[in-house]
Amino acid sequence: MSKAATSLPRTIGAHAVLLTYTAIALFPVLVIVVNSFKSRNAIFRSPLSLPTAETFDLIGYTTVMAQGDFFLYFQNSLIVTVASLFFVLLFGAMAAFALSEYRFKGNTMMGLYLALGIMIPIRLGTVAILQLMVASGLVNTLTALILVYTAQGLPLAVFILSEFMKQVSDDLKNAGRIDGLSEYRIFFRLVLPLVRPAMATVAVFTMIPIWNDLWFPLILAPSEATKTVTLGAQVFIGQFVTNWNAVLAALSLAILPVLILYFFFSRQLIRGITSGAVK
Amino acid sequence: MGSLKIENVKKSFGPVEVLKGIDLDVKDGEFVVFVGPSGCGKSTLLRIIAGLEDASAGNVLIDGARVTNAPPSKRGIAMVFQTYALYPHLTVRDNMALGLKQAGTPADEIDKRITASSSMLSLEPYLKRRPAELSGGQRQRVAIGRALVREPKLFLFDEPLSNLDAALRVNTRLEIAQLHNRLKATMVYVTHDQVEAMTLADRIVVLNAGRIEQVGAPMELYNKPANLFVAGFIGSPKMNFVDGARLGETAKTVGVRPEHIAVSQTEGAWKGTVIHAEHLGADTNVFLETEKAGLITIRLFGEYQTGPGATLYATPDAARTYRFGEDGKVLG
């Protein structure tokens with residue numbers, strides 16, 4: 001931005017607003033992480049203070065490690081998230097390519113139909129989904145979760161990606177056709193690399209709700225072998241007694257993988273969100 | 001080499017009819033330019049020839065073979081696009097090689113062809129670069145090189161110069177003309193710029209609203225336009241059209257080119273006042289509001305001192321005046 005378009009008071013004002021928002025957004029996360037390193041008494045006595053030599057306690061983490069099979073839960077969460085993400089991106093991008101590239105009867109209707117899922121929460125269909133999974137013998141499998149999450153993520157993916165795919169130059173695709181590339185190679189080799197920022201955006205928006213979801217693991221796959229991290233953490237929340245150390249430790253640990261994946265995607269994500277707005 | 005025959009090709013997008021029955025023969029080795037205003041269907045016609053778009057009716061024959069249902073890669077064509085359309089992730093060399101690799105050409109043959117065409121277009125220093133590291137003119141040369149290595153029966157150009165700046169446009173135009181002289185290949189070229197059409201074409205096809213208005217050599221179109229549209233479209237500045245009734249003629253419209261009008265300060269057919277004069281050095285364009293013929297444009301060669309408010313007499317060259325009937329067709 002040029003110097004003429006910025007002024008010091010405006011810059012300070014803008015940063016103040018953004019910093020306030022960041023503080024509000026990060027505060028709960030910070031409280032969770034800080035308290036996960038404190039003893040039970042310290043958590044209740046002064047929930048906002050940092051752990052001191054007296055109050056520092058790793059009891060939460062040792063409990064989490066000792067009780068239940070947390071590594072398995074982590075592994076389940078990762079498998080479900082990564083597999084769903086893969087299918088959402090693959091099928092979402094393919095549907096978006098078809099909608100943006102080919103003229104066929106009902107193209108617009110198909111686009112609207114696929115976008116409908118953005119407005120209607122998939123949880124409304126929980127009973128039917130459960131019946132379906134019971135009938136097909138998929139209850140208590142990770143497959144059940146992957147299928148549901150793929151369906152949940154597709155509408156937004158199709159919606160965002162088809163907008164981006166419309167911007168890919170027609171000439172480029174046609175050059176590929178003249179050089180004898182198949183439609184699949186045009187899609188995978190020419191178009192997908194050009195919409196990578198949009199893919200990263202979709203990946204982040206799809207990934208976080210899946211990782212954090214408690215609803216479907218609880219209903220479709222509550223068995224010990226298929227528990228996800230968020231469901232695993234519920235072990236420590238009882239009706240009468242809650243092991244806060246363990247809950248906080250489990251949640252702190254659950255943040256890590258998403259954080260890593262986010263750093264992995266973030267540069268592309270920012271480009272995806274700001275493209276069009278800045279250029 | 002290749003000839004091209006188009007038989008009664010029609011194309012509709014939903015209810016909109018873009019091409020209303022096109023018939024055309026292009027001989028082997030000919031350079032044909034499709035020209036027309038935007039939306040006249042010239043690009044659509046080119047895409048139908050390339051196989052990127054299906055015709056609603058009619059046939060396309062390349063080298064005598066009916067290719068109406070053949071995919072683009074099997075038609076023996078190569079195409080150069082307005083936006084270059086180079087593969088961004090491949091080097092210049094791989095951009096040129098991709099089509100041949102897809103067709104299963106042996107590696108040494110690919111090498112030979114790339115060496116030949118890159119030396120012809122002076123692309124050797126850039127072979128290892130990616131398109132993003134090249135300027136617009138270089139990119140378009142690579143795109144032409146990519147077409148060359150395919151050794152096609154038919155070259156198709158879709159407004160290849162429109163994205164280049166004025167100086168580069170003249171250079172690249174010259175290169176394309178030289179390329180045609182050297183290869184003697186059949187080329188079909190689409191443009192909205194009549195200068196490109198006039199300078200490059202063996203034959204020009206003037207399209208308007210989905211129909212062919214006239215086909216002919218550049219000078220034929222200039223000297224013998226078949227109708228009002230072609231007369232107005234070819235030539236710059238545009239031909240002056242005067243209502244026949246105003247001049248006491250039986251024709252509906254009378255046309256005379258700006259360069260076929262003589263001026264004098266003392267006497268002439270149409271007296272008028274200068275509204276504006278454009279001094280371009282090599283020529284001077286004078287806009288004259290005449291009493292008899294309305295506003296006309298006059299093109300004078302060399303410098304001519306005049307300015308707004310001056311009185312001038314204009315006399316059209318009778319031998320080079322065109323008369324058009326009610327239907328817009330030229331009379332006599």
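**Note on the predicted two-chain model**

1. Start with a strand pair in chain B. Strand β3 (residues 31–35) and strand β8 (residues 186–191) of chain B run parallel and are joined by five bridges. One residue pair can be picked out: B:V35 has B:T191 in β8(B) as its bridge partner. The model is predicted, and the points below should be read with that in mind.

2. Six strands of chain B form an open sheet with mixed pairing, in the order β6-β7-β8-β3-β9-β10. β6 (77–80) and β10 (211–216) of chain B are the edge strands, each pairing on one side only. From one strand to the next, the twist averages 20 degrees. In the strand order, β8 and β3 stand next to each other, and their five bridges are those of point 1.

3. Now chain B as a whole. There are eight helices and 18 strands in chain B. Its C-alpha atoms fill a box of roughly 75 × 45 × 35 Å along the principal axes. Of the 332 residues in chain B, 40% are buried. Among contacts in chain B with a separation of 6 or more, 63% are between residues 24 or more positions apart.

4. Turn to chain A and its record. An unreviewed UniProt entry places the feature "transmembrane region" at residues 12–34, 79–99, 111–134, 146–165, 186–211 and 246–265 of chain A. How much helix do residues 186–211 of chain A hold? The span is 96% helix and 0% strand, and its end C-alpha atoms lie 32 Å apart. Residues 111–134 of chain A are 75% helix and 0% strand. The end C-alpha atoms of residues 111–134 lie 31 Å apart.

5. One helix deserves a separate look. Is helix α6 (residues 126–135) of chain A largely in the open or buried? One of its ten residues is buried, so α6 of chain A lies largely in the open. Just after α6(A), the backbone has a positive phi of about 70 degrees at A:G137.

6. Chain A is split by the domain assignment. Domain 1 covers 1–57 and domain 2 covers 67–274 of chain A. The centres of the two domains, taken over C-alpha atoms, are 30 Å apart. Seven residues of domain 1 are in contact with seven residues of domain 2 of chain A. On the domain 1 side, α1 (8–36) and α2 (40–45) of chain A are the elements that give two or more residues. α1(A) gives the most, with five residues. By class, this side of domain 1 has four nonpolar, two polar and one charged residues.

7. Last, the contact between the chains. Twelve residues of chain A are in contact with 17 residues of chain B. Which elements give two or more residues to the side of chain A that touches chain B? They are α8 (170–178) and α9 (183–194) of chain A. The largest share, six residues, comes from α8(A). By class, the side of chain A that touches chain B has six nonpolar, three polar and three charged residues.

Terms used
Residues are numbered from 1 along each chain as its sequence is written. Chains are lettered from A and ligands numbered from 1 in the order in which they are written. This is a predicted model: local features need pLDDT of at least 70, side-chain atom pairs count only at pLDDT 80 or more; totals for chains, interfaces and linings use all residues. Two strands pair if DSSP finds at least two bridges between them. Helices (H or I, at least four residues) and strands (E, at least two) are DSSP runs, numbered from the N terminus. Axes are lines fitted to C-alpha atoms, for helices over the stretch in contact, and angles run from 0 to 180 degrees between N-to-C directions. A residue is buried if 20 or more other C-beta atoms lie within 10 Å of its own, exposed if 12 or fewer, and partly exposed in between; C-beta atoms are placed from the backbone. Two residues are in contact if their C-beta atoms, placed from the backbone, lie within 7 Å. UniProt positions are given in the numbering used here, feature names are shortened, and annotations may be inferred rather than shown by experiment. Ala, Val, Leu, Ile, Met, Phe, Trp, Tyr, Cys and Pro count as nonpolar, Asp, Glu, Lys and Arg as charged, and the others, Gly among them, as polar. Domain bounds come from an automatic or database domain assignment.
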